[in-house]
Amino acid sequence: MVYAPIIIPTLNRYEHFKQCLESLEKCSWAEFTDVYVGLDYPPSEKYVEGWGKIDAFLRLKENHNAFHLLKVFRREVNCGMGLNKSNLGLLGDYVRERYDRYVVSEDDNVFSPNFLEYINKGLERYKDDSSVFAIVGYAHPYHFKYADNNHYRHNTDMSTWGFGVFVNRYMECLKFMRNGGVRQNLSIGTLMKFRGHGLLRLFDMIHYAYHKGRYSVTDGAISVYLIMNDMYVITPAISKVRNIGWDCSGSSFSKGMSGLEMIAARHNNQQIDTAEHFEYVGDDTAFMDYNNHIAAIESDGYMSFGQFVAKLWKSFFKLPQ
């Protein structure tokens, strides 16, 4: 068995990060796992208190933890988020030079006891299946259908809240998205394919087809890559991850966002797997088309036709969004 290392970028969200790391320590196979944490440098005074708490917490953990290895990179300048030289980008560069697979997590994820076992067994199970891009730990709380399977294939709504990926597959995605692969493959057939995955994904595809310059390859961009290339992620029937970052302390959500309270309640109260171990059972293609459709219509980012037209207009004419 090959055990994938984990990378976690963080800055100042002490309570979130503490829960994240301690939940990983409770996982089966934690003792085989290398964990790399990037502690970014605070960009201003308001980040210093939380940053200091995380630094002190990590200094204790470096001396006593449940992992095979815990290595902390303390940035001397603020690296921020986004492209290659970001905190996450630097962590990715480090592990990609040393491993053929790795796990990515934000600092506000709480994990099931069998998360590491699920991810590592999945990477081993699908290492020769090039249609599988990643093993995802998070399962959206949508009304999916299952047969006897405890995992399934999916590509409408990729989640980056704790996922394992092979280095070569991730780099192929990065190359495709940043070198104009979406625009080069744009056609009527492509538009129709994406329409079947919902207007949000159709907008994303058009946006990336005409997006100039380099950009961060996020969950939306990866979903576009998956759909365009007929690739999938493996997702558990019962989520192995709960995201607790709904207090607007991170960069993805801000106070006053439409529907945020409802979405936050949906995720904060989500039940996750409590089992210590995991074995893959069943056919991962069961109800695949149905579940992709459900992901399109129940997505937190669901887009109506009016919203699609308005956002497309703003995107093309560069009006304030």
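So, F287: at 38% relative accessibility, this residue counts as partly exposed, because that value falls between the cut-offs of 20% and 50%. Keep in mind that we're looking at a predicted model. F287 sits in the loop between α10, residues 260-268, and α11, residues 288-298.

D230 is another one to look at. D230 also has a positive phi, about 55 degrees here, and again it's not a glycine. You'll find D230 in the loop between α9, residues 219-228, and β9, residues 232-236. With a relative accessible area of 47%, D230 is partly exposed.

Okay, on to an arginine. Is R153 buried or exposed? R153 is buried, because its relative accessible area is 11% and buried means under 20%. R153 belongs to strand β7, which covers residues 151-154. Now follow its side chain. There's a polar contact with the side chain of D129, at 2.5 Å, and R153 makes another with the side chain of D284, at 2.7 Å. Leaving out residues up to four places away in sequence, R153 touches a whole list of residues, including Y126, S131, V132, Y232 and M288.

Next, empty space. Rolling a probe the size of a water molecule over the atoms shows where empty space is left. How many cavities of 30 Å³ or more are there? The count comes to 1. The largest cavity holds about 40 Å³ of space. Among the residues that line this cavity are G122, Y126, F133, G164 and R169. Helix α4 (115-125), strand β6 (132-136) and strand β8 (163-166) each supply at least two lining residues, and the largest share, 4 residues, comes from β6. By type, the lining divides into 8 nonpolar, 2 polar and 1 charged.

Last stop, a pair of helices. α7 is residues 188-195 and α8 is residues 199-210, and the two pack at an angle of about 145 degrees, with their axes 7 Å apart. Which residues make the contact? From α7 it's T190, L191, F194 and R195, and from α8 it's L199, R201, L202, M205 and I206. Those contact residues divide into 6 nonpolar, 1 polar and 2 charged.

Conventions
Residues are numbered from 1 along each chain as its sequence is written. This is a predicted model: local features need pLDDT of at least 70, side-chain atom pairs count only at pLDDT 80 or more; totals for chains, interfaces and linings use all residues. Side-chain values use heavy atoms; hydrogens and water are left out. Axes are lines fitted to C-alpha atoms, for helices over the stretch in contact, and angles run from 0 to 180 degrees between N-to-C directions. Contact means heavy atoms within 4.5 Å. Ala, Val, Leu, Ile, Met, Phe, Trp, Tyr, Cys and Pro count as nonpolar, Asp, Glu, Lys and Arg as charged, and the others, Gly among them, as polar. Buried means under 20% relative accessible area, exposed over 50%, partly exposed in between (1.4 Å probe, protein chains only). A polar contact is a pair of N or O atoms within 3.5 Å; within protein, one must be able to donate a hydrogen and the other to accept it, and residues adjacent in sequence count only if both atoms are side-chain atoms. On a 1 Å grid over the protein atoms alone, a cavity is a set of points where a 1.4 Å probe fits but cannot get out, and a pocket is an open set with protein on both sides within 12 Å along at least five of seven lines; lining residues have an atom within 4 Å of a point. Grid points are joined across faces, edges and corners, and a volume is the space filled by probe spheres set on the points.
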